[in-house]
Amino acid sequence: MVRLSSSSYLVLGLIGLRGPSSSYQLERAVERSIGHFWPFPHSQLYVEPRRLAEAGLLDESAETEGRRRRTYSLTERGREALREWLNDPDTEVFQVRNEAELKLFFSELGDEGTVERLAESQIRSHRDRLAEFHKTLERLSDVPDLEKRVVPLVLGVRIEEACLSFWRDVRDNGVRDVLARAGVTRPGNEQLPDETSEPPGGRAGRHPG
């Protein structure tokens, strides 16, 4: 049995929605849709369809002349695998892999303006991305029968709004004030426990770093 990954289901799903597609057509479709919330190496769109075809989940046809482009279509086995995946409500825990958060975590090792420069850069980035999402929503929200494909962008907008609000808060008020208003600091400005100190209940109670 072939092992199916998220990229496998992405390919099966796109072909299920689009109909027969080449790898190049899949790449263009990803750039206009899924790529907004599911970044991954686009080279997989040229490797994964062939693997799925070998497993019988896709049919492959090739042009005999010209560019000899390969086109893939969903088989019944592929459609059934896609249905099984969609019918399983369990997913991986929501993950945020954000280099800006990593830099903020280590920012005390930088110079005095490290946090401010980082915040300004993130504000520009999230503001531009938010504008792009709104533009896409305006273009597609009234297109018939596309609601389920477009609505993930609403979640993207809300995430971008939260990120923009956070970085503006960091820029305008500083990290200490952001923490204080979040109820994280202790009375009398007592600092949070150092990573090397023992938490209540011993080492077993420590949150992984």
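**Close-up 1. Helix H1 passes helix H4 in a left-handed crossing in this predicted model.** The axes of the two helices, H1 and H4, come within 10 Å and cross at roughly 115°. On the H1 side the contact is made by Tyr9, Leu12 and Gly13, while H4 contributes Gly78, Ala81, Leu82 and Trp85. Sorted by class, the residues in this contact of H1 with H4 are 5 nonpolar and 2 polar, with no charged residues.

**Close-up 2. The largest nonpolar core has 22 residues, and Leu12 and Leu58 are those with the most contacts inside it.** At least two residues of this core come from each of helix H1 (6-18), helix H2 (23-32), helix H3 (44-54), strand E2 (70-74) and helix H4 (76-87), and H1 gives the most, with 6 residues. When its neighbours within four places in sequence are left aside, Leu58 is in contact with Val11, Leu12, Ile15, Pro49, Leu52, Ala53, Tyr72, Ser73, Leu74 and Thr75. A second, separate core of 17 residues includes Leu137, Leu140, Leu153 and Val178.

**Close-up 3. Helix H3 has buried residues at Leu45, Glu48, Pro49, Leu52 and Ala53.** Viewed down the axis of H3, these buried residues fall within an arc of 135°, and they therefore line one face of the helix. The cover over the buried residues of H3 includes H1, H2, strand E1 (58-62) and E2, whereas the face of H3 turned away from its buried side carries the exposed residues Val47 and Glu54. Following H3 is Gly56, whose phi is positive, near 85°.

Methods. Residues numbered from 1 in each chain as written. Predicted model: local features only at pLDDT ≥ 70, side-chain atom pairs only at ≥ 80, totals over all residues. Heavy atoms only, no water. Core = buried A, V, L, I, M, F, W, Y, C linked by side-chain atoms within 4.5 Å. Buried < 20%, exposed > 50% of the residue type's maximum accessible area, 1.4 Å probe, protein only. Helix = DSSP H or I, 4+ residues; strand = E, 2+ residues; numbered from the N terminus. Contact = heavy atoms within 4.5 Å. Axes fitted to C-alpha atoms, helices over the stretch in contact; angles between N-to-C directions. Left-handed = near helix turned anticlockwise from the far one by under 90°. Nonpolar A, V, L, I, M, F, W, Y, C, P; charged D, E, K, R; others polar. Arc of directions from axis to C-beta.
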